[in-house]
Amino acid sequence: MENKGPYYITTAIAYTSGKPHIGNVYEIVLADSIARYKRMTGYDVRFQTGTDEHGQKVEEKANLAGMTPKQFVDEVSGIIKNQFDVMNCSYDKFIRTTDPYHEKQIQKIFKKLYDQGDIYKGSYEGLYCQECEAFYTNSQLVDGKCPVCGGEVKPMQEEAYFFRMSDYADRLIQYIEEHPHFIQPESRKNEMINTFLKPGLQDLCVSRTSFKWGIPVDFDPDHVVYVWIDALSNYITGLGYDVDGNHDPLFEKYWPADLHLIGKDIIRFHTIYWPIMLMALGVPLPKQVFGHPWLLVGESKMSKSKGKVIYADNLVELFGVDAVRFIMLHEMPFAQDGHVTYELMIERINSDLANNLGNLVNRTLSMQNKYFAGMVTDLQDYEPVDDELKQYALDTVEKVEEKMSELRVADAIQDILDLFSRCNKYIDETMPWALAKDPEKTARLTTVLYNLLECVRIAAVLLKPYLPDTAEKILDSLNTEYRDYDSLVSFGQLEPGTLVTEKPEILFARINPNDIMPKIEEQIARQKKEAEETARINEERRKAEERKNRPVTVDDFDRFDLRVGKVIGCVKHPNADKLYILVVDLGESVPRQIVSGLAQSYTPGQLIGKKVVVIANLAPAEIRGVESQGMLLAGKEGGVISVVEANNLQPGTRIS
């Protein structure tokens, strides 16, 4: 196979707000099919995906989950990666924006842009959508709502740094016009120029102060780098880009990217903000940005809040990996949104995979075994219909290549399905079962079956980027060594004398809707219950946070019985290394027993004799099997706990 050089493809990195549905996972499966096709046809492919892990939404979701933001994104990033792996995606790099190298380079990028005058400090007042983490003007809203997600927007004002986007607008317009394939499909390009660039480009807010979960601006730590510089730069930091010029060889080899594959809803950020950032950094622009449409459930976009969500791992559990890959790739048109329902999935699997593809492979192998004990033979008894079939197969190779050059993946898959259909028609035309009854037609029968097997081989090689496991199963069943793209240059590569598999595997069994719909309904009910439980817990935590943050009145304070207590005894808790059991004199007839987590900050001798402040009217609680009759007031700094002391007051004194 001729080495055609490097090819770098990326997806948008997934936001770590929760488990991604198939509308999110579709993108990486699409990218995977392109990456696999490029590898198969001789390119040295680098395929990158990953997770976008900073921002206010993550900070709030982590808080609701009772976790630190880092704990939260560690968990969710793992969930996202698992969804990609479930779909057999062959990425080379999974980047996380919390990776130390990425974070360091983002700080250096921000500083470089600031030092050269592209970033300046100001203040922002506008309408903010937290779901999209984006600011909008009144004119951009749709019915007063966010134009992207349809969510609520809130007025917001804060100090911020801004990127002088307007300084680069004319240069970007010129670049887009001189590179007609830079933005695809064509409709997206016209939208970017006419809607955003020519009317006048506003400067971009690139830092925030209203939350802390982000990469700090190292020269102004009250600010964190806002999402676009942080997230978009992953495409170069993942290759080892260095602001100081000490790039990893991967960057030198693979940049500029051949393809950024993204959803149509974020094309503005990738074709306006990102190219301008690269221009300011003096880095070449990517060769192409493709904004794919959405994969919809029925007629609407997938929404967890509306209960219209389908997850990849659940589909795989029902239908298998390659069947789900097929649905995702085949049902997505080039420029329009794709629509899927469970009923459509079942119909497509039955008609295209079981009846057409699977049935052809199975019946061809079965006939080869029945009539020739599995031995591949071709006695070359040709008729005109054979030439037509051969040409159809070779034309399919060219058609798939043409479609893939335009990223028309669904159309490429349909061309392969059409080859299977043509083979099924060829069986009807040649009637092998009739030929088998006439000993004088043996040579003709060998040729008919050889043509079918060779077409199956060609189709299987072409299928490898889309249904990789299925393609390998077919090629294994043919017992052929001719599995690479070079073997498609001519018809007749399948080796005579080869023994095909004796018992062909059922590649795709027909699905009975009556059998599978109860399983689907069970999955939906389980997902709904889980979503409701998560929503309930989050609401409880939100209300608790509200109660904690609301101002305290004198009446609230008076409810606490705060008293001075003297520690007169201290032993280790028998069931917990971090806990002590304290005996505390509160001036009562009987000392109190209090369990406290001070073992990592104090020795027993350091605590005995201290006068501390105790919440004396806290309801008794059992902690690791030991009753606790109060709580000490303490603070924590740098991992060290310090109790609040009241050394000048006598035990029992009330704090008021």
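**Charged side chains and their pairing**

At 33% relative accessibility, Asp74 counts as partly exposed (buried means under 20% relative accessible area, exposed over 50%, and partly exposed in between, with a 1.4 Å probe and protein chains only). The model is predicted, so local features need pLDDT of at least 70 and side-chain atom pairs count only at pLDDT 80 or more, whereas totals for chains, interfaces and linings use all residues. Residues are numbered from 1 along each chain as its sequence is written, and side-chain values use heavy atoms, with hydrogens and water left out.

Asp74 is joined to Lys70 by a salt bridge with an N to O distance of 2.8 Å (a salt bridge is a side-chain nitrogen of Lys or Arg within 4 Å of a carboxyl oxygen of Asp or Glu). Lys70 is also partly exposed, at 35% relative accessibility. Both residues belong to helix 3 (residues 69-86), where a spacing of 4 residues separates them by about one helical turn; helices (H or I, at least four residues) and strands (E, at least two) are DSSP runs numbered from the N terminus.

In the whole structure, 38 salt bridges were found. One of them pairs Glu53 with Arg96 at 2.6 Å, N to O. This pair links distant parts of the chain, 43 residues apart: Glu53 is in the loop between strand 3 (44-52) and helix 2 (56-64), and Arg96 is in strand 4 (residues 93-96). Glu53 is buried, with a relative accessible area of 0%, and Arg96 is buried at 19%.

A salt bridge is also formed by Glu383 and Arg444, whose closest N and O atoms are 3.5 Å apart. Glu383 lies in the loop between helix 13 (342-372) and helix 14, and Arg444 lies in helix 17 (residues 442-463), so the pair ties together parts that are 61 residues apart in sequence. Glu383 is partly exposed, with a relative accessible area of 38%, while Arg444 is buried at 3%. Elsewhere, a network of salt bridges links Asp561, Arg563, Glu588, Arg592 and Arg654.

Glu495, in the loop between helix 18 (468-478) and helix 19 (513-549), is buried yet has no salt bridge. The nearest side chain of opposite charge is that of Arg457, 6.5 Å away. The Glu495 side chain does reach the backbone nitrogen of Glu481, at 3.1 Å.

Definitions and conventions
Lys and Arg count as positive and Asp and Glu as negative; His and the chain ends are not counted. A polar contact is a pair of N or O atoms within 3.5 Å; within protein, one must be able to donate a hydrogen and the other to accept it, and residues adjacent in sequence count only if both atoms are side-chain atoms.
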